[in-house]
Amino acid sequence: MPCKPLCIVDTCSLIYLSDMELARRPLLRWLFDEFETVYSQFVWENEVQPHLGKMGKGGQILRRGNAGVQKVWRMPGPMQYERALFSPFSRVEQKSRCSRCGQAIMEERTVIINLGSDEDRGERHNCGVALDAVRRGNYRQVVYLTDDHHAIQKYAQPVFDIFPLGCVWSSYDLVLYLFVRHCDRMIAEDVEVVFRDLTAKAVNEERQQGISPETQQIWQQRLAAYIHKLERVAQVMKQLP
Amino acid sequence: MAAILDWNYVYLKQNPFADTPPRRPEEAVWAGLPRLKKQFEDLFVQALATPATQVVLNWGAWGSGKTHAAMYFGLKERLWPLVQEPHVRDVCPIYVRTPKEPAQADQELYRNIIEALRFSNLRKLVRDLIAEKGQEETLRLLQDSTSSEPLGKAIWLLGLEPKKRGGQLALFDDEPSEERNQLLESYFFSTCTKRDLKELGLSRGIDSAQDRFRVLGTLLQCIIGFAPTEQVNQHTRLVLWIDELEDLIYFQSRQYRPFTQGLRDLIDRLPNYLTLLMNFTLATGAFDDATVVLGDALTSRITHRVYFQPLTPEEAYDYILELMRCYRSEDPSSKGLPSTYPFTEDALHTLVETLPPLGRIPRDLNKRCSQVVSQALMERVITAPGEGIITPGFVTKVVETQIDLDLGS
């Protein structure tokens, strides 16, 4: 039984984490030391490998000693996993907003996913990796790390809602986890800096495609929520022997 | 189509229900929202009659009227009637947006404020200061204020007239004044060369974010004045609005810290006669979220908070009524029509109630009113001035059609 937990990471998070440091250490280094980090072959070949040059220090880490290719999760029949998980497939989606109270109206819908298209295939295959890792008995639980919130809503959350495979984390969760694990090596202010940088990176990325005020608000709330969590964690950690 | 969408048919000079804020203060009207208006008026009464620096956080949802308020109160003529003597000698309103390029945020803010102030005004201010205190004393004052000899001297140079022969600015002998002004302006925008620095007699340029905020602080102090603090009528109140501060979320820590700390230093450098109003869009109404994005440096300096809260149904009704009143071409009552025309009173109540509580903000109210009245004009519910009226049924029909369109059904 491997001693490190398994973390299935998507390209978006790898890119966000690639140029950041926490306590003078690259965040990717933290991630790789704490977790058995993997992704699907599709993610490696089509998303990570082509972008290594743009990933700064993270790219260097993944290139060194073929570290990147070694993180590919080898599984039998990834397309079969994809078909089994996503055809048929249903998820909860926002139908509209109530014109009286402004609340979102949600409903579960059966959606037809074009499995012939490569769009979002990385996310789907990573869900297959999560299922395979638990099913074949190597890992009892996994962490699915992604900062692509559309992908979370579309694929990861609906899958994890049904299959109790572990949890879906954002990079904020990872950083907060590192603070819990290594609070003797870092201070809360360092963590706050990373939260801000992660947020800036994400919103600037979205801004290039035209960010809506609503999306900007979601990021604002996310940053605030994690800074509040950080305050609470720091408060508790201080009291521990 | 042009004839059909004639707002004169509903006794309005133009569509009063704008979905964006006015571009110029002169175009802004204030309708309804008496509590909010009073909050600002109280703030400005204090600003014009006392020395205390105010740091105000204006927060509310997108479209709740923050930029509109900045425009409306950006006109001095609207502030003077609020106070009686003694009051400050002048008010200097400046409106800027949060820089959109985080990498040059401090430079952009600095440049926008300097450009809003105008060099011609700055030159006159320093000239007046020199005339009042003399060259030596002014130079010392400016160097003390910037905590820097070269930066203080550069500001001092703004107020010196080029001399024809000899003296301090011999370099500029026989050169046109305009050329010298341009050289100095390029110094303030950090675009001058080493040779230019030598020509100006300055040992260094404006190199860092800290330098820029120091120069800005002193230039703003020149506007405020250097008289003893208690002499209110010897000072100018500087009213600086910074809009869209929620965009600080785009700043990485290395950009965010110098910017927010620079602003904090600016506040600290101007402990009197500054009113800094920071507009911050926040959908949730959770004030804590705003303070997280602003950070401790700025949050700790806030002296007043103004919440642009969603309107109650009654406030929303009054807002629409008063907004139409500001744009009336004729009083509908004189034609035997209700003051709510082109709506019946019930129709206006219905319209307000079709919006969810959090949507009862000026932008959404404007949008809905504009949709309903435009549709009434297009569908010839109103066929000529004063002919036809919008009923609750018509409002419901337009709103339901819009909801269907939004759902894509």
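User: What ground rules apply to numbering and confidence?

Analyst: Residues are numbered from 1 along each chain as its sequence is written, while chains are lettered from A and ligands numbered from 1 in the order in which they are written. The model is predicted: local features need pLDDT of at least 70, side-chain atom pairs count only at pLDDT 80 or more, and totals for chains, interfaces and linings use all residues.

User: How many helices and strands does chain B have?

Analyst: Helices (H or I, at least four residues) and strands (E, at least two) are DSSP runs, numbered from the N terminus. Chain B has 17 helices and five strands. Its C-alpha trace spans about 80 × 45 × 40 Å along the principal axes.

User: What share of chain B is buried?

Analyst: Burial is a neighbour count. A residue is buried if 20 or more other C-beta atoms lie within 10 Å of its own, exposed if 12 or fewer, and partly exposed in between; the C-beta atoms are placed from the backbone. By that count, 42% of the 409 residues in chain B are buried.

User: What part of the contacts in chain B joins residues 24 or more positions apart?

Analyst: Two residues are in contact if their C-beta atoms, placed from the backbone, lie within 7 Å. Take the contacts in chain B with a separation of 6 or more: residues 24 or more positions apart account for 74% of them.

User: In what order do the strands of the chain B sheet lie?

Analyst: Strands of a sheet pair through backbone hydrogen bonds, either parallel or antiparallel. Here, two strands pair if DSSP finds at least two bridges between them. In chain B, five strands form an open sheet, ordered E2-E3-E4-E1-E5, with parallel pairing. Strand E2 (90-97) and strand E5 (304-308) of chain B are at the edges; each has a single partner strand, so one side of each lacks a neighbour in the sheet. From one strand to the next, the twist averages 15°. Axes are lines fitted to C-alpha atoms, for helices over the stretch in contact, and angles run from 0 to 180 degrees between N-to-C directions.

User: How many bridges join E1 and E4 of chain B?

Analyst: Seven bridges link strand E1 (residues 54-60) to strand E4 (residues 274-281) of chain B, and the two run parallel. One pair to find: Leu57(B) has Met278(B) in E4(B) as its bridge partner.

User: What is the strand order in the chain A sheet?

Analyst: Four strands make an open sheet, E4-E1-E7-E8 of chain A, with parallel pairing. Its edge strands are E4 (36-38) and E8 of chain A, each pairing on one side only. The twist averages 25° from one strand to the next. Strand E1 (residues 6-9) of chain A pairs with E7(A) over four bridges, in the parallel sense. There, Leu6(A) has Val142(A) as its bridge partner in E7(A).

User: Which helix lies across E1, E4 and E7 of chain A?

Analyst: Helix H7 (residues 121-135) of chain A does, running at about 175° to E7(A).

User: What handedness has the β-α-β unit of E7(A), H8 and E8(A)?

Analyst: A crossover is right-handed if, with the strands pointing away from the viewer, the path from the first strand over the helix to the second runs clockwise. The unit of E7(A), helix H8 (residues 149-162) of chain A and E8(A) is right-handed. Strand E7 (residues 142-145) and strand E8 (residues 166-169) of chain A pair in the parallel sense over four bridges. Leu145(A) stands opposite Trp169(A) in E8(A).

User: How many residues of chain B are in contact with chain A?

Analyst: 22 residues of chain B are in contact with 23 residues of chain A. On the chain B side, helix H11 (253-269), helix H12 (287-294) and helix H17 (392-407) each supply at least two residues. H12(B) gives the most, with four residues.
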